[in-house]
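Please keep the sequence and the model in view while reading.

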Amino acid sequence: MLAFAFLERVQALLGALAHAERNYLGAQFRQTDYEIINAEKINPTQLTLSPVPTARNYDPAAALDWSFEQIERVASGAPVDDRVDEGLARAFAKIVPKEHHTGATAIWVSLDKTVINFDQSFRVRSEAIASMRKAMATKTQWATVTASGSVVGELLKVDDFDGKSEFAIKPVVGPERIVCVYPESRREEMHQFLFKTVRVHGLLHYESESPHPVKVDMHHVEEVRPLSQENHLLNMRGLFAGRARVSDEVEEIFRGL
């Protein structure tokens, strides 16, 4: 194997392990470095590394075991942990070159006598996992349903001509406006709520593009008045009363790289 290709593969593998450790720990930085304890130029080249914790009182064994378990799962086509996100899956794929023009004809890694072959099928599986994770994160589909509830916002306009009985409110959170349909019997009194903050009770309509309702079939409406300054937090005393408040044999982890 050419020297630059060898170093490229080592760097890709170390990068993937660092990424895996961060995902496993939920940390921003890796906490393990590696020491070269043996290197042999035989066919194939063998490099033996030993993990070195960079954080005090940190044992990297558990993270290493999890990382290699996920690599084994990718190699065998088994489902991987949810912590294997798009970024980590792409880091796994980079371990295997797309073509063998670099001289990298065989790459494998061993941990505790378990050998993992990094071939083109490993790369394809890693890229498939990355694509699946990306698709899952791209868009969340909400249900198209109706449910009883209420929304709060400022009443912007009342439209009661051409046979329509609708008004729009600007909610406190969510979309810029929500269309509300009121009963014909409430037509005369709706104007009194114009430009006021109201709570609209009724049947809420949801669509798949948003978690917020897009329309409300109103049952009734009420003005939401600000709390009087005479009220004090001390008046709320008692309101919530009673409510409940890796192994020692990991030094030879890159045998045969």
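Rings of Phe, Tyr and Trp (its six-membered ring) count as a pair if their centres lie within 6.5 Å; planes under 30 degrees apart are stacked, over 60 edge-to-face, and the rest tilted. By this rule there are four aromatic pairs. Two of them are set out below.

| Pair | Centre to centre | Angle between planes | Class |
|---|---|---|---|
| Phe118 and Phe122 | 4.8 Å | 75 degrees | edge-to-face |
| Phe167 and Tyr182 | 6.0 Å | 35 degrees | tilted |

The model is predicted: local features need pLDDT of at least 70, side-chain atom pairs count only at pLDDT 80 or more, and totals for chains, interfaces and linings use all residues. Residues are numbered from 1 along each chain as its sequence is written, and side-chain values use heavy atoms, with hydrogens and water left out.

**Aromatic residues**

Phe118 and Phe122 are both buried. Buried means under 20% relative accessible area, exposed over 50%, and partly exposed in between (1.4 Å probe, protein chains only). Together with Phe92, they form one aromatic cluster.

Phe167 and Tyr182 are both buried too. Phe167 sits in strand S6 (residues 166–171), while Tyr182 is in the loop between strand S7 (178–181) and S8, so their pair ties together parts 15 residues apart in sequence. Helices (H or I, at least four residues) and strands (E, at least two) are DSSP runs, numbered from the N terminus.

**Val198**

Strand S8 (residues 197–205) holds Val198. Is Val198 buried or exposed? Val198 is buried, at a relative accessible area of 1%. Contact means heavy atoms within 4.5 Å. Leaving aside residues up to four places away in sequence, Val198 touches several residues, including Val151, Ile169, Phe193 and Val221. Glu223 is another one of these. Val198 and Glu223 are 25 residues apart in sequence, yet 4.3 Å apart in space, C-alpha to C-alpha.

H1 (residues 3–25) has 23 residues. From first C-alpha to last, H1 reaches 33 Å, close to the 33 Å expected at 1.5 Å a residue. That expected span is 1.5 Å times one less than the number of residues. Gly26 follows H1 and has a positive phi, near 70 degrees.

H1 packs against H2 (residues 61–76) at about 110 degrees, with the axes 9 Å apart. Leu17, Ala20, Glu21 and Tyr24 of H1 make the contact, with Ala62, Ala63, Trp66, Ser67, Phe68 and Ile71 of H2. Axes are lines fitted to C-alpha atoms, for helices over the stretch in contact, and angles run from 0 to 180 degrees between N-to-C directions.
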